[in-house]
Amino acid sequence: MKREQNEHALLDGLAQNDRLAIETLYQQHYRMVQSLIINNQGTIDDARDIFQEAMIVLYEKARSGTFELNCQIKTYVYSVSRRLWLKRLQYMQKYVPEVNGLDDVVPVEEEVEAAEKRNADYQLMEKAMMNLGEPCKSLLEAFYVQKKNMTEIAGNFGYTNADNAKNQKYKCLMRLKKIFFAQYKNESA
Amino acid sequence: MEELQMLDAVERYIRGQMNSQEKEYFEQLRKSNPEVDQLVVAHTMFLNQLNTYGEQKNFKSVLNEVHNELVGSGEIKERAPQAKVVDLFRRNKKVWAVAASIAGITAITIAGMISYYSQKDNTEKLQQLRREFKQEIAKNTNQVRKEVSDQIKTSKAPLNAPVISGGTGFLIDVKGFLVTNAHVVNNANSVIVQNSKGQEFRAKTVYVNSVSDIAILKIADEDFKPFTSLPYGVKKTSADLGEQLFTLGYPGDAIVYNEGYMSAKTGYKGDTMTCQIGVFANPGNSGGPVFNKNGEVIGIINTRQLQAEGVVFALTAKNIFRSLEDAKKDTALGNVKIPTTSSIKNLERTQQIRKIEDCVFMVKSY
């Protein structure tokens, strides 16, 4: 019973971006994923990547509010990582007859597919941001990613007032939108 | 400038930062102007994307921070995978050694068993088409032959030796070189060949290869007169599916003709050394030539499948060339020349046979 409560508390913490919860989850599960990846043709960097992707899946799930964990977090993280790694191997066209590891797995196909879609979107946006260049990139990230307010941004970026910064932000945003949607069309075409 | 104001309005609308009056006005605008509506939809989607992007970027950077911290504090180790393997090996050296030897022994045993049984299996399903002579009958024929030979002294069969097996062979060189199957002459002490007219000649084995199942004999007898030329040629390329074929052989005491067709380019279980032909063949046909309609040799009959009717396998003629080259390495065969052109191309079948039959011999092993 206690374990279950603990795990629920951890997930709640994760949903609220609680640093301690993230650290605890990291400590508890990273090693397991690392040995899974390394024992199946992966590197340390792959392990880090896959584990973090699995953490993002867990994070999104926890935040959705509809997540009912009916197995241990450990099992869930393991299953997601395993599936993600299998897909990655397949993508790299490495033939793996069977990924080793005797731990239980739960079906996570939907989550993994959603994660892939999210990843693609993320990369699309990242690419658009890269193409945007400075100072637009920093300006937009300050507002939309770091959620700073306009006055603060005006100070940091050396605009005379918040309105000026806001105008600049909208110009940048329009450019980003153009780049993003151009890519988006390319991707889906 | 107008665009910027519009964007600002849209963004405030989406974020719910408008006052009720403004909001009402904007919604009116949205309903009446599809372009504005479109802008709102697109921008909502875009802001969502941007938002998720921001959240993920933040979360990722936190994850990376945590990772580096934990590595720094030694809570997690980015270990190299090999270290563990070496360690395990050293610790369990003895167990490894025992396991390895057991694995080795098992592998060898299994491999041995597989090769033993699979060979057996093969002979069960495929029948080699040499004639088996029962000892009793052989004795009888030998006795008869002895009596006859006493009288006319023509038989060249060794006295008191029973015929072990019989097959067919055919000339590949005017000087008396014959090709037959290795399994026909395998256990023979001496070999006698007999032509379609009943004349016997002594022959010696100059090359036997049980793997390819080809043997080359040389007629070594004063009575044998070298041919000036052979009527048929040996074809290096394989025959086409469905091609008409015919065979000559000695399943009995007289030469027997049979007709058929090419049924598969590979032999038993996909063997590429042989091909499958649809003819009737019986024990004694082994080593017999398979001709196409031009009178070119395309194969040598060697086995048939037991469970199926009319499924006969023949070594492809290519094997003859290969064997001859192989034979030349070890023994001085002299100038053996396999003819590659056939001089009976457009003749009637009966005339073709009349010319060929002199070159097809019964092979008897004593």
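This is a predicted model: local features need pLDDT of at least 70, side-chain atom pairs count only at pLDDT 80 or more; totals for chains, interfaces and linings use all residues.
Residues are numbered from 1 along each chain as its sequence is written, and chains are lettered from A in the order in which they are written, with ligands numbered from 1.

**Chain A**
- Chain A has 8 helices and 0 strands, where helices (H or I, at least four residues) and strands (E, at least two) are DSSP runs numbered from the N terminus.
- Of its 189 residues, 30% are buried, meaning that 20 or more other C-beta atoms, placed from the backbone, lie within 10 Å of the residue's own.

**Nonpolar cores**
- A nonpolar core is a set of buried Ala, Val, Leu, Ile, Met, Phe, Trp, Tyr and Cys residues joined through C-beta atoms within 7 Å.
- The largest core holds 61 residues, of which B:Leu178, B:Val193, B:Ala215, B:Val290 and B:Ala314 touch the most other members, and its largest share, 5 residues, comes from strand β7 (residues 214-219) of chain B.
- A second, separate core of 32 residues includes A:Phe51, A:Ile56, A:Leu58 and A:Ile73.

**Contact between the chains**
- In all, 23 residues of chain B are in contact with 26 residues of chain A, contact being C-beta atoms, placed from the backbone, within 7 Å.
- On the side of chain B that touches chain A, α1 (2-14) and α3 (34-73) of chain B each give two or more residues, and α3(B) gives the most, with 16 residues.

Notes: A residue is buried if 20 or more other C-beta atoms lie within 10 Å of its own, exposed if 12 or fewer, and partly exposed in between; C-beta atoms are placed from the backbone. Two residues are in contact if their C-beta atoms, placed from the backbone, lie within 7 Å.
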